[in-house]
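Have your viewer ready, with cartoon and side-chain display both within reach. We will go from stop to stop, selecting a few residues at a time.

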Amino acid sequence: MSYLRLAVCIVGVYSMFLLWAIAQERLSVPFRSIDGTSSDKFHSPLFMGTCQSLLSCLAALGYICLRRKPGQTLNQTLGLADVGKPATNGISNGTANGSTKANGHTPHIHAHDTRSRNKSLLLRYFQCAVFITSAAPFGFAALSYITYPAMVLGKSCKLVPVMLMNVVLYRRKFAAHKYLVVAMVTLGITMFMGFGKEKPSKASKNGDLSAYTQLIGLTYLLINLLIDGATNSTQDEIFARYRVTGQQMMFWINLFCTVLTSIISVLPLPYIPVLHPSTSGTELQGALEFIRTHPSVIVPLAQFALTGALGQLFIFETLQHFGSLTLVTITLTRKLFTMLLSVIVYKHKLTPGQWLGAAVVFAGISVEAWVKRKDVHAKRVIQEKEKARIKTL
């Protein structure tokens, strides 16, 4: 069942985010104005994020409502009640034992514990939302200072900050094979991207960038990766400490993201490098005016938000059941599989170094799959032995 769930998650992530990438690329090129006199780019990434987080929030809410169990309260449905500690326990136990007065404070103590738990949980969700809202602008800004290959190489190392943040923030330790998989996948994708002869158009345009300028871009990229790593490790911490599902996490994080980006969009902020590069009006005003004068942006914007929302359902399902390292491995190798598909369809030629990089990636994934299969088999053996022991009693 776990392998089937993983396969569904991989297919969902790949298909949704392939369509999402097509929409994102379309949104990065100029759109023809309604009167046909000009072509302009859509410069409202915060508005794009608001649309996606809003739809993601609604998608998560719809999913958890459909999966809602009979008799669940609203708090339990949204992950704000510990299902392992029903609120009625204190009252029912006191009544059954004939000592309602003696245990009269139990419901109040439990209610206090629940409020404390919810406050801590919502704070973690808000923390993730702040991380996500802050990380995206640095990723966009980095492309203005470094070449596209450098950006891809940096993004390929995302597995490293995820593990780093897990260790630094939450003192987690990983099995030795995890470090091996991280090293192999990162090395393989780096080789695949680095040994390619075909370079993206942005690389040639920015060929004369100074060392100082590239240092600024690399700094922005490093900030983006570290914030992403903090987000993933915080999500792991939430799953470890609280009984919540991936979709409940998705709902709350995107709800907070929507509130945050909506507030920022309507504030008349001054020019702030990276975070608010616009100098005129609010971002919401600019986005709505652009949509009015360039209606052709509506379709790719809707595709971007919808596929991003559906893709997040698979993202959080993967995160809940398989952890952030497996999730990042899937999202990283998605680039590799997309390029391999392009080789088949458009007959591109790969260098020997790229084939070697692909082999290293597949070897790393095979190590992870082999260890997981071995662990599952060991657990099944233990379960079978325990069942046999129980039968003999």
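**Stop 1: an aromatic cluster**

Select Tyr 125, Phe 126, Phe 251, Trp 252 and Phe 256: together they form one aromatic cluster. Rings of Phe, Tyr and Trp (its six-membered ring) pair if their centres lie within 6.5 Å; planes under 30 degrees apart count as stacked, over 60 as edge-to-face and the rest as tilted.

Before moving on, a word on what you are viewing. This is a predicted model, in which local features need pLDDT of at least 70 and side-chain atom pairs count only at pLDDT 80 or more, while totals for chains, interfaces and linings use all residues. Residues are numbered from 1 along each chain as its sequence is written, and side-chain values use heavy atoms, with hydrogens and water left out.

**Stop 2: two aromatic pairs**

How many aromatic pairs does the structure hold? There are ten. Show Phe 42 and Phe 290, a tilted pair with 5.2 Å centre to centre and 55° between the planes. Phe 42 sits in the loop between strand 2 (39-40) and helix 2, whereas Phe 290 belongs to helix 12 (residues 283-293), 248 residues apart. (Helices, H or I of at least four residues, and strands, E of at least two, are DSSP runs numbered from the N terminus.) Phe 42 is buried, at a relative accessible area of 6%, and Phe 290 is buried too, at 10%. Buried means under 20% relative accessible area, exposed over 50%, and partly exposed in between (1.4 Å probe, protein chains only).

Next, pick Tyr 125 and Trp 252, a stacked pair with 6.5 Å centre to centre and 10° between the planes. Tyr 125 lies in helix 5 (residues 106-142) and Trp 252 in helix 11, 127 residues apart. Both Tyr 125 and Trp 252 are buried.

**Stop 3: helix 2 against helix 11**

Now colour helix 2 (residues 45-66) and helix 11 (residues 246-266): their axes come within 8 Å and cross at roughly 150°. Axes are lines fitted to C-alpha atoms, for helices over the stretch in contact, and angles run from 0 to 180 degrees between N-to-C directions. Helix 2 is therefore roughly antiparallel to helix 11; angles over 145 degrees count as such, under 35 as roughly parallel, 65 to 115 as roughly perpendicular and the rest as oblique.

Among the residues meeting here are Leu 46, Ser 53 and Ile 64 in helix 2, and Gln 247, Phe 251 and Ser 265 in helix 11. Contact means heavy atoms within 4.5 Å.

**Last stop: the whole chain**

Zoom out to see 14 helices and two strands in the protein chain. Buried residues make up 41% of its 393 residues.
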